[in-house]
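Here is a briefing on the fold, the domains and the chain contacts of one structure. Keep the sequence and the 3D view open while reading.

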There are 2 protein chains.
Amino acid sequence: MTHPPMAPTTPLPIARETGELRAAITAWRAEGLRVGLVPTMGALHDGHLSLVRLALEKADRVVASVFVNPTQFGPTEDFAAYPREESSDATKLARAGANLLYTPAVETMYPEGFSTTVTVDGVSRGLCGDRRPGHFQGVATVVTKLLMRCLPDVAVFGEKDYQQLQVLKRLALDLDIPVEVLGAPIVRETDGLAMSSRNAYLSPEERDVAPTLNRTLRRVAADILGGADVSDCLEWGMGELLKGGFSSVDYLELRDATTLTPLDEAPEGEARLLVAAKLGKTRLIDNIAL
Amino acid sequence: MTHPPMAPTTPLPIARETGELRAAITAWRAEGLRVGLVPTMGALHDGHLSLVRLALEKADRVVASVFVNPTQFGPTEDFAAYPREESSDATKLARAGANLLYTPAVETMYPEGFSTTVTVDGVSRGLCGDRRPGHFQGVATVVTKLLMRCLPDVAVFGEKDYQQLQVLKRLALDLDIPVEVLGAPIVRETDGLAMSSRNAYLSPEERDVAPTLNRTLRRVAADILGGADVSDCLEWGMGELLKGGFSSVDYLELRDATTLTPLDEAPEGEARLLVAAKLGKTRLIDNIAL
């Protein structure tokens, strides 16, 4: 007895060389089509696929890139262990409607003699910028390169990496890169946990604890909006996370939604509540709008 | 009696806003034309105009930008005093065949909140990089911005700023900016002095001394090629400059022509002999191929 065939999926064209990528984009441009780019590090989940869908609303053709960028990992971080799943990524991207997967080799991104870095000051400070030295420089440099290789009309990033999104918006504005940088809302599991490729690292016990992160964020945000003292709320939130089973809290902070300036009282304009905490060896981040 | 009329010159269109620049370029692109960019800081001389002519050989339309970039001047350098001569610059550019002068205001290049820098390591080290801290970071950042605003097929820079040229070639390669960065040979006065906007600072006495710079370079290069010891030749050259009337020598060095790695013996591949020296308050630079 044979298994029934899988539902057919159009195979997604894969470009590994910049020449192939540019040829595809040149052909689309010649037809007058708008191009969107969704840069990812692969190990795709529904959060990533929501970026592809948003890009398809803003552009006629969407390139998803998969590149696990060594320069944004610290020496003690999980670059080697970071999950790589090209075949299933390609299938997911095709189903989400992407038109091309661009997945360059590390050697073509950083050939011998490579010596340029892009640094975004200001919004890179504090939060993950302090905890992961060099991380946002690595992100800003690789995203500049991907934008230059693709020259898209729009590039979509997830709000889950909220500080990264603000860094990249600032980058495109400052360097006059002719692209619209768009953020897409966080996609969550039913229990509120923000989707992340790193969730795969969690043990079953840790997975049970993980939703405390978002639950605590929502409670702290409600209390601040209700008029409670900001620093009291943040302190209470950090205690909740540790009590709930997190091993440490990197930060829980209220910041201006665009400049990421720290706020110590209830905001007048848009604000964002951001958290990073460790659950065993896994570092989880989350954030919500106030 | 009236003076005879000047030879008529087609007035050069001037764009001050990025929108105007991009509109002109979009129109050229729609005609299938290739675009060249010649970034300058104005106070144009025949050296700059040779860049425009080279750009016209490589592209159908040429934009010359004039922007005295504050971020590439050190705190003790001559930013405020740097000559600004827009009207005569525009006339010279029109005569050389440029199609557009782009001259943005400082506030539109670096608006409030600007926080991004582009750094090219390696080729930026030593030579002018050591003597002018932050200089090449300022150059790399502003040139990235100009390239992004113009998106030219080719950008032309003078070999007089030889280290700058190598920095910008490395920058475009590393960031995958889709542009060909071309160097144009140094244009010299009849006595060998490399043309420079800063030559205008020289007193008549200093102007008499200035050609010693190129004369010494040529003599040192000939001696090295003739088999003399490199460090002896460089030491002799520095002595000649001081004896000839220069007040100090920042550097006189033999370097690999592309990587700018210092060479302490006669080169096997292409090499460059580079010098910077002060004549009173004016710092002059020059270089020649070996």
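B:Leu260 counts as buried because 23 other C-beta atoms lie within 10 Å. Buried here requires 20 or more other C-beta atoms within 10 Å of the residue's own; 12 or fewer makes a residue exposed, anything in between partly exposed, and C-beta atoms are placed from the backbone. This is a predicted model, in which local features need pLDDT of at least 70, side-chain atom pairs count only at pLDDT 80 or more, and totals for chains, interfaces and linings use all residues. Residues are numbered from 1 along each chain as its sequence is written, while chains are lettered from A and ligands numbered from 1 in the order in which they are written.

- B:Leu260 is not a glycine, yet has a positive phi of about 60°.
- B:Leu260 sits in the loop between strand E8 (248–256) and strand E9 (271–279) of chain B. Helices (H or I, at least four residues) and strands (E, at least two) are DSSP runs, numbered from the N terminus.
- B:Ala43 is also not a glycine and has a positive phi of about 50°.
- The loop between strand E2 (35–40) and helix H2 (46–58) of chain B holds B:Ala43.
- B:Ala43 is buried because 20 other C-beta atoms lie within 10 Å.

**The antiparallel sheet of chain A**

- Three strands of chain A form an open sheet with antiparallel pairing, in the order E8-E9-E10. Two strands pair if DSSP finds at least two bridges between them.
- Its edge strands are E8 (248–256) and E10 (282–289) of chain A, each pairing on one side only.
- From one strand to the next, the twist averages 10°. Axes are lines fitted to C-alpha atoms, for helices over the stretch in contact; angles run from 0 to 180 degrees between N-to-C directions.
- E8(A) pairs with strand E9 (residues 271–279) of chain A over 8 bridges.
- A:Leu254 lies opposite A:Leu273 of E9(A).
- E9(A) and E10(A) run antiparallel and are joined by 8 bridges.
- A:Leu273 has A:Ile288 as its bridge partner in E10(A).
- The hairpin of E9(A) and E10(A) has 2 residues between the strands, and A:Gly280 takes a positive phi near 65° there.

**A:Leu234 in helix H10**

- A:Leu234 is found in helix H10 of chain A.
- A:Leu234 counts as buried because it has 21 C-beta neighbours inside 10 Å.
- Beyond its neighbours within four places in sequence, A:Leu234 is in contact with A:Val220, A:Leu252, A:Glu253 and A:Leu254. Contact means C-beta atoms, placed from the backbone, within 7 Å.
- A:Leu234 and A:Glu253 are 19 residues apart in sequence, but 6.9 Å apart in space, C-alpha to C-alpha.

**The parallel sheet of chain A**

- Chain A also has an open sheet of 6 strands with parallel pairing, in the order E1-E4-E3-E2-E6-E7.
- E1 (14–15) and E7 (180–184) of chain A are its edge strands.
- E1(A) and strand E4 (residues 100–102) of chain A pair over 2 bridges.
- In E4(A), A:Tyr102 is the bridge partner of A:Ala15.
- H6(A) lies across E2 (35–40), E3 (61–66) and E6 (154–158) of chain A, at about 150° to E2(A).

**Domains of chain A**

- The domain assignment gives domain 1 (14–184) and domain 2 (197–283) of chain A. Such bounds come from an automatic or database domain assignment.
- The centres of domain 1 and domain 2 of chain A, taken over C-alpha atoms, are 26 Å apart.
- In chain A, 11 residues of domain 1 are in contact with 12 residues of domain 2.

**Where chains A and B meet**

- The contact takes 21 residues from chain A and 21 residues from chain B.
- E5 (116–120), H6 (135–150) and H7 of chain A each supply at least two residues of the side that touches chain B.
- E5(A) gives the largest share of that side, 5 residues.
- E5(A) pairs with strand E5 (residues 116–120) of chain B in the antiparallel sense over 5 bridges.
- A:Val118 has B:Val118 as its bridge partner in E5(B).
- Leaving aside neighbours within four places in sequence, A:Leu171 has contacts including A:Val118 and B:Thr116.

How values were computed:
Two residues are in contact if their C-beta atoms, placed from the backbone, lie within 7 Å.
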